[in-house]
Amino acid sequence: MEAPGVPEPGVLRELPPRAPAVPGEQRERRARRRIEEEQEAAVFHEVVSFTPDPMPVRYYDKDTTSPISFYLSSLEELLAWTPDVEDSFNVALAPSECRQPPLSSQRPRTLLCHDMMGGYLDDKFIQGSAVQNPYSFYHWQYIDIFVYFSHHTVTIPPVCWTNAAHRHGVCVLGTFITEWQEGGQLCEAFLAGDERSYRAVADQLVLIAQFFRFDGWLINIENSLSLAAVGNMPHFLQYLTTQLHQQVPGGLVLWYDSVVSSGQLKWQNELNEHNRVFFDSCDGFFTNYNWQEGHLERMQGQAGERQVDVYVGVDVFARGNVVGGRFDTNKSLELIRKHGFSAALFAPGWVYECLGKTDFFQNQDKFWSLLARYLPTHSICSLPFVTSFCMGMGARRVCYGQEEAVGPWYHPSAQEIQPLFGEHRLEGDGGGWVKTLSCLADAWNGGSSLLIRGVIPPEVGEVAVRLFSLQVPVPPKVFLSMVYKLEGPSNVRVALELTTGDVGSCHIGGIRPLNAETSSRYSPRPLRVPPTKLARWVGRCGQQLSGGWVQRCYEVNLRGCLLGDLLVSFSRPPGSQEEEQFICRLGEIQVVDAKSLLAPLPQVQAISLSHVRWQPAASSASSGEGAPAGLRLSCTLHWSFPLSHVRCFRLHCCPGTGGGPLGRGPLGPEKPKLLGLAFVNQYRIVDLEVAAAGPGHGGHVEFLVEPVPREGFLVPQAEWGRAAVQYSMPST
């Protein structure tokens, strides 16, 4: 039965936000300093001490104590690793999103192997950094598997890459590598004995992937093996693959073309009788790079029905005797696809490392556009679908049109779902075209937006660009929203469009077909008159927002349908007969199941504090002569919240002075300051400047934990989690 006020099919409604609700899951914490917890805030008391708690160097930057991603350098470290509370920062937010076709399909796949200057660069900082001109990858719709590669023995992918990839339905693999004489000794230690040794290593690799929520391993043995060791290698691969499949749904183990069955290190550049035993023992085979078309022809017989499990390696740096590479990588892809194999692109960061940072985005877009015809895209198949087009970086931070901070930032975990990029030209000689590119110059939410440029020729009424490929069984009622703005003196009309597929008897309400030739393509009717009970949420729809942005809201009623592509169309204004040029900036698109908007949102619970560090701040001349120097506070906030309900958390602080009672009543008039984003139930506050605490008086600072729901709506500040710290100097 529908709730009161829910309309019949075809009646339009406004998008409601999530409501507050019941407490979520509880989680046990360490290092508790809580002295009071009320409904409004958790309150902690700290006596300032300049002798900090020791921080484990593996997990935290030694200079700032900011949490970092890490690797393991030896067999001993691998076997000794056990999950610890400090590891929690490195756990991905969620498993990979649903996608179509699934990775298990027989369509040739595309693997990206990320190898950049040794790895663990700016991407190791879990909570982001202030680096300028960082490397960013955003053509996720073209790839199926992302491998993080380095020359450390156990390369655990930095969690920022796993979060970004999983958001796009791309699976992530770490690397287990052994090299040189030291690598040979390591292999002897776990492969030359009985099965207990290699099973212990496999069990640890499975546990690491399972705990950190990535999807498997590339096994790269770059040293010769004894007969005993190479004899056990297939058993190790089989056991690792079997255990991974049991513990990690959709998990993968791939073997790199290096060692042959005799134990020699002898790259074959193909799958053949010398390395087939390893292919037969795991999920796939990644060939070396110095192949020619003859290698591909021979491999077709070797691979049999598992042809798509052979990933033909392409070194984008074009080192050695290779086909293609660099801006000729399309030549490699053409041959690989001609013979029906999957492709493994090694180090496409070449465009960043070798062509400079100034024109990085143009060069990266050029590189992937040359490959696009050989890279089938995959579709997203789950709701809610929400993106602000943020690339996880920017020159400033923006929240719903309001600037929050100025300065460079880089946080790949914050990358939103990216569209299909490229330039699309109309057929014929009219000269109509549409081009999409990411742009850091302005943003609605995050650090960037999607810029769409185009021309509508005189003989055409409109042009449209497909941004996303979806394959979602649509619930009965769907809300959609689009935030955009036109730049320059353009009067073109902007509309959100969608396509549908039939999974039964597809009944459609609230949208209109565009024409008979494109009967599965529809334009939703904008929402104008919401029911009274939703009126407090309708303020932005159809109105001009700050910064010149406009939000359009829609409701669509569907039964028995698949939601297909999302498009944006641009049509000429009434009466226009001239060529129309336009520049449009998209800030956000939302597609949300109406039923999910009625479900209550859990509350942030059980806030606690650990790893507190105090440092004196440098004296400021503006403080006045004799004024006490301020303090710098570092600490870790923990809380409890079901992560399946959120996109992330936004952390804020309200610094205060004096030592009055805290945690009662509303927040003070000062505007909360954004500290950063968290993708787990904890956040490390680093070197926050707070007021001095002197003899006879203390200080306080309040922290706020704002959950950002998966549906993308703002949660009222009164419903955020709150924790206050009262601090004082030690008594003498």
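Is Cys381 buried or exposed? Cys381 is buried, at a relative accessible area of 11%, where buried means under 20% relative accessible area, exposed over 50% and partly exposed in between (1.4 Å probe, protein chains only).

## Basis

This is a predicted model, in which local features need pLDDT of at least 70 and side-chain atom pairs count only at pLDDT 80 or more, while totals for chains, interfaces and linings use all residues. Residues are numbered from 1 along each chain as its sequence is written, and side-chain values use heavy atoms, with hydrogens and water left out.

## Disulfide

With a disulfide taken as a pair of cysteine sulfur atoms within 2.5 Å, the count is 1. The pair is Cys98 and Cys381, with 1.9 Å between the sulfur atoms. The S-S torsion of Cys98 and Cys381 is about -95 degrees, so the disulfide is left-handed. Cys98 sits in the loop between α1 (75-80) and β4 (99-100), and Cys381 in the loop between β14 (379-380) and β15 (385-387); the pair links distant parts of the chain, 283 residues apart. Helices (H or I, at least four residues) and strands (E, at least two) are DSSP runs, numbered from the N terminus.

Cys98 is partly exposed, at 38% relative accessible area.

## Other cysteines

Cys160 is buried, with a relative accessible area of 1%. Cys635 is buried, also with a value of 1%.

## Phe214

Phe214 lies in the loop between α4 (195-212) and β9 (216-222) and is buried, at 2% relative accessibility. Leaving aside residues up to four places away in sequence, Phe214 touches several residues, among them Ile156, His166, Val172, Ile208 and Val248; contact means heavy atoms within 4.5 Å. The C-alpha atoms of Phe214 and Val172 are 5.5 Å apart, with the two residues 42 residues apart along the chain.
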